[in-house]
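Dear colleague,

Please find the structure below, followed by a short account of what was found in it.

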2 protein chains.
Amino acid sequence: MAEDKRTDVNKLGEFGLIRHLTKDFALNQKSSVMGVGDDAAVIDSGDEYTLISTDLLVEGIHFDMVYTPLKHLGYKSVVVNLSDIYAMNGIPKQITYSIAISSKYSVEALEELYAGILLACEQYNVDLVGGDTTSSPKGMTISVTAIGTTGKDQVCYRNGAKPGDIICVTGYLGGAYLGLQLLEREKQIYIEHPTVQPDLDNASYLIECILKPEARKDAVDYFHAKKLRPTSMIDISDGLASELFHIAQCSQVGLFIEETNIPIHQESQLKAISFNIDPLTVALHGGEDYELLFTVSPKDLDLVKFMPDVFIIGDIVEKDQGLKLHTSGGKILDLKAQGWQHF
Amino acid sequence: MAEDKRTDVNKLGEFGLIRHLTKDFALNQKSSVMGVGDDAAVIDSGDEYTLISTDLLVEGIHFDMVYTPLKHLGYKSVVVNLSDIYAMNGIPKQITYSIAISSKYSVEALEELYAGILLACEQYNVDLVGGDTTSSPKGMTISVTAIGTTGKDQVCYRNGAKPGDIICVTGYLGGAYLGLQLLEREKQIYIEHPTVQPDLDNASYLIECILKPEARKDAVDYFHAKKLRPTSMIDISDGLASELFHIAQCSQVGLFIEETNIPIHQESQLKAISFNIDPLTVALHGGEDYELLFTVSPKDLDLVKFMPDVFIIGDIVEKDQGLKLHTSGGKILDLKAQGWQHF
């Protein structure tokens, strides 16, 4: 029996494991345009494409009830899924929301969760159309599926970047990671000294980054209004470096990043230094920012120059030039991928 | 804060809880045709409808690793989701499959699970197009989303049954429940006497009902081939009685069921009696059969008469006549709903 041999899943990592487990699956349906391996699946629905993205969020892995208000959890769990639809240059229209809950959750607690879900649905104009509700022996597990649409001439994959293209991000990076560190620190203090009040007053920006991120609907609205189609796009959930590796690998290109152009909020700079962490490391590897990373053809440079909150961080180069980081000190280093590993 | 008051979720039950939590959600998107409250959500994709159904399966609640081979679990978890698409008179085309797993699961164990998923995909001609893979502090949680299509003049809801319609089911009921009882009994024997070998040789039909159910693709293929559109349809996951209540409530009708017409396999009859359970109770309330329960207009009687494995079990009547069961002893009783409650 197969159980005789035992390989730990950590050996393969999340992406390696998915590749390994799905290697024998083929796409046989005419309507299956894109399967496993992008932010969302792409299904041909006749006049346009239907986009489907799904996430599984587990208490104790993705969220900690000690410092996550349920309303925020409801909001964020929807938003991070919508972000995957935007990353395909699509517009989310519907979601399904499933929960497995242990008996520690009351109806009132779930009302808070659903108040957050409702707020996200209203904010992003999506409809809740289904889901499943069941019990769990321990804790809460959430599964969200987002459904959206995009034009057949609008869809953006990870694999369309070409040498000469400009690499952009839609906003500051690293805030969510630092917000999480802050909350974890306060949790430890609370565990050791339950009477000490949390000291989070000066950190509202960082706390909001981790507890209430937003998806970049405005960027996709801008693309559609200006008829600007990025050559590739991905949302930054595992960290900028990890997503750059996905773009490079899928597009079979190299890239060149200017350290000084990577956008880091002033509060993140200060907090990272107070934590004795390099702000750049946080921006490259922090994750959970949910900004969009995208590439555009040089002919579209003027259009992205005037896009609000957009930062140009580098260029796509030939594959054999590799993935390089031009540091503020003038050195050229190899970029290292090191996203959040949930295994 | 809302946590001051604490209402146990059991007080509302699964369906009551879903109704309560989703009551403030409206459908605002033009493309949202049907939201929460049927077997699948219905989305207008232009020429046809897209159907989306999702399930969350939790170790220790929906499956027990002591007697569930992982390959069977993979197969069944796909099939039960496809069943929801068939219940809308649709054809499933794609699935997404997400898992949260604890460190007790090896790569080899997951290979077994995915072998079952692949088999189901091949058997039912659906493509795996996405998912999420993450870790869990304890056990396994599975989330499957099925995506299908149906013609705008083919879709079947729960709410279309009319007085005079004929009520049909596609096959034997109660086998899955008895199979589960058998496995639970063997588990207890194993826990108490680990050296005793399981005695399941004469129960392959019942074991297959619980471990490897099939979705009724053939019935939907027949409907499409014969241009027969049921007036209402639902799949039997929570038990015949519970599903009859859904049809009656959604369609605002009553119904009259002939006990002698409820199909029970001979092995189920014998096993129920050996367990000292009424076979009828098992057929009405057992659940997990994944047969289709549907109603047709009397003009279509000849078409269902010649349908393989179809049993006519009663008639739709006016709402004020209630939900009645005509027993084999000649009595007329009120039908009672009592599905599987996972809370």
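Helix α7(A) is followed by A:Q252, whose phi is positive, near 60°. Helices here are DSSP runs of H or I with at least four residues, strands are runs of E with at least two, and both are numbered from the N terminus.

Please note that this is a predicted model, in which local features need pLDDT of at least 70, side-chain atom pairs count only at pLDDT 80 or more, and totals for chains, interfaces and linings use all residues. Residues are numbered from 1 along each chain as its sequence is written, and chains are lettered from A and ligands numbered from 1 in the order in which they are written.

Ten of the twelve residues of α7(A) are buried, among them A:L240, A:F245 and A:I247. A residue is buried if 20 or more other C-beta atoms, placed from the backbone, lie within 10 Å of its own, exposed if 12 or fewer, and partly exposed in between. The cover over these buried residues includes β9 (232–235), β10 (254–258) and α9 (279–285) of chain A; contact requires C-beta atoms, placed from the backbone, within 7 Å.

A:Y222, found in helix α6 (residues 217–225) of chain A, counts as partly exposed because it has 19 C-beta neighbours inside 10 Å.

Chain A is divided into domain 1 (9–150) and domain 2 (166–334), with bounds from an automatic or database domain assignment. Their contact takes 17 residues from domain 1 and 20 residues from domain 2. Helix α2 (residues 70–86) of chain A gives the largest share of the domain 1 side, nine residues.

Yours sincerely

Conventions: Two residues are in contact if their C-beta atoms, placed from the backbone, lie within 7 Å.
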